Amino acid sequence: MLSVRLESPNDFAEWRDKARRLLAAGVAPANVVWRYGAEDNGLFEAGDDMLPTVAGAIGSVPRDFLTLAQTVIQHSDPERFARLYTMLWRLQQDSRILMNAADSANSLLTNMASAVRRDAHKMKAFVRFRTVPLAGEERYVAWLEPDHYVLEATAPFFARRFAGMNWAIVTPYASTFWDMENLSFGPGGSKKDVPAHDAVEDDWTTYYAAIFNPARLKVSMMKSEMPVKYWRNLPEAAQIAPLIRNARAMEAEMIARASTQPPARHLRQKAREISAVDELIQSIPDAKAAIESCRRCPLYEHATQPVFGEGPPDAKVMVVGEQPGDQEDLAGRPFVGPAGQVFDEAIAEVGIDRKKLYVTNAVKHFKFVPRGKRRIHQKPDSGEISACRHWLDMERQLTRPRLIVALGASAAQSLLGKAVSVAKVRGEPIPLDDGAILVVTNHPSYLLRIPDAEGRAVERAKFLADLQLVERLMAQSEN
Ligand code: URA
């Protein structure tokens with residue numbers, strides 16, 4: 001038995017070097033024990049100094065395996081090194097195993113990679129920096145306990161996002177530092193290394209209370225999206241219990257305020273037509289899972305996560321915005337920020353029930369430039385819109401809406417396949433190739449940007465008129 005020792009828990013290059021040497025020497029997975037750090041060799045194990053120092057030639061390795069392995073190596077399962085080596089060994093005989101979803105080792109590795117991605121996503125969403133005054137300068141430090149070894153791969157995201165700050169993130173197994181130029185890594189720490197409270201936290205707590213929407217409260221969802229284990233490190237978590245307690249009263253008040261609106265109509269059930277765009281993707285949840293690994297344009301690099309559409313998969317009406325904003329990027333849901341609020345109020349005013357709409361965006365990743373701690377929205381360009389049309393088309397094929405509402409020029413461009421002026425095409429139904437009807441109107445954020453109240457009122461009236469047309473068309477399609 002050969003014992004192979006790795007210094008790092010998650011260094012792909014280190015694992016790959018040893019794995020290639022093992023493979024070239026013809027050492028079968030059953031004859032290898034992978035040891036990490038200071039773990040002792042077993043009694044009958046030889047050290048890997050027996051291996052050739054330079055890897056000989058090995059068969060070709062599919063690119064997909066390299067991508068998968070770079071993620072799986074971050075998993076906390078102690079067997080990850082061995083599982084990867086076994087798969088690498090098998091791939092030498094059959095390079096198509098990774099295409100076989102029924103292969104149990106393949107599906108185990110895929111699940112491990114998903115768990116790592118989820119953990120990295122939680123890290124991006126739940127890190128909270130606290131200020132530490134140091135030598136007259138503001139430093140920021142955060143403590144986090146990830147489930148997997150995700151710090152190194154996630155740190156560049158924070159360097160881009162908080163490029164103008166001096167910060168550190170400390171986890172039990174490693175820490176990382178950004179000095180506004182370089183990213184460096186150090187040993188792990190403990191929670192007491194990180195200050196308990198600061199002024200930034202008060203601002204954050206107020207912000208959290210302000211965005212809390214009682215009508216959207218789903219405690220089980222909240223727990224799955226923001227697992228309870230993260231709550232203890234989040235300043236806003238102290239607000240969750242009182243907000244939940246008050247939610248019912250707040251919701252009743254919201255319903256009472258809307259009770260003069262006409263009742264929303266019931267949409268008929270429509271059989272779902274499954275498209276053949278991609279044989280593996282058969283449903284909206286499948287597509288939502290698939291977009292997690294989208295690399296069709298570079299926007300995925302900086303965004304927290306893709307924001308897929310949401311709503312009934314058999315909705316008769318699809319609403320398409322431009323792209324997620326700051327709050328949507330963090331929440332992973334479309335139209336939950338300020339533009340979403342304008343939209344929700346306007347549709348309520350004309351009697352459209354959001355629960356009956358499938359709401360999505362032309363571009364699924366947030367595009368922004370960092371300015372200190374803020375992220376400033378950038379309009380997607382034509383290349384990004386056309387790269388992301390793949391997903392919008394897939395959503396259309398899977399939901400088959402009869403009516404599509406484009407909010408703003410980017411959505412109209414994606415749906416019509418060419419740039420159009422909203423002013424020229426708004427308010428008139430446009431037939432699309434698949435038989436759906438398109439109505440184009442302004443983006444709700446346009447209303448937010450109009451400085452004077454009078455101008456805003458004029459534009460809002462036009463927006464409501466367009467939505468009234470949508471409501472009439474919805475009613476007609478039911479009769
Ligand atoms: N603007 C959009 O176009 N979409 C969102 O989801 C949020 C803001």
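1. The axes of helix H2 (residues 63-72) and helix H4 (residues 104-126) come within 8 Å of each other, and they cross at roughly 55°. Angles from 65 to 115 degrees count as roughly perpendicular and those under 35 as roughly parallel, so H2 is oblique to H4. The crossing of H2 past H4 is left-handed. Note that this is a predicted model.

2. Helix H1 (residues 12-24) packs with helix H3 (residues 80-93) at an angle of about 45°, and their axes are 11 Å apart. That angle makes H1 oblique to H3. H1 passes H3 in a right-handed crossing, whereas H2 passes H4 in a left-handed one.

3. Next, the ligand. Which residues are around the ligand? They are Gly321, Glu322, Gln323, Pro324, Gly325, Glu328, Pro334, Phe335, Asn361 and His443. Sorted by class, this shell holds three nonpolar, five polar and two charged residues.

4. A backbone N or O atom of Gln323 lies 2.9 Å from a nitrogen atom of the ligand. At Phe335, a polar backbone atom is 2.8 Å from an oxygen atom of the ligand.

5. His443 uses its side chain: one of its polar side-chain atoms lies 2.6 Å from a ligand oxygen atom. How much of the ligand's area does the protein bury? The ligand exposes 240 Å² when taken alone, and the protein buries 93% of that.

Methods: Residues numbered from 1 in each chain as written. Predicted model: local features only at pLDDT ≥ 70, side-chain atom pairs only at ≥ 80, totals over all residues. Heavy atoms only, no water. Near = heavy atom within 4 Å. Polar contact = N/O pair within 3.5 Å; in protein donor to acceptor, adjacent residues only side chain to side chain. Areas by Shrake-Rupley, 256 points an atom, 1.4 Å probe, with all protein chains shown as cover. Nonpolar A, V, L, I, M, F, W, Y, C, P; charged D, E, K, R; others polar. Axes fitted to C-alpha atoms, helices over the stretch in contact; angles between N-to-C directions. Helix = DSSP H or I, 4+ residues; strand = E, 2+ residues; numbered from the N terminus. Parallel < 35°, antiparallel > 145°, perpendicular 65-115°, else oblique. Left-handed = near helix turned anticlockwise from the far one by under 90°.
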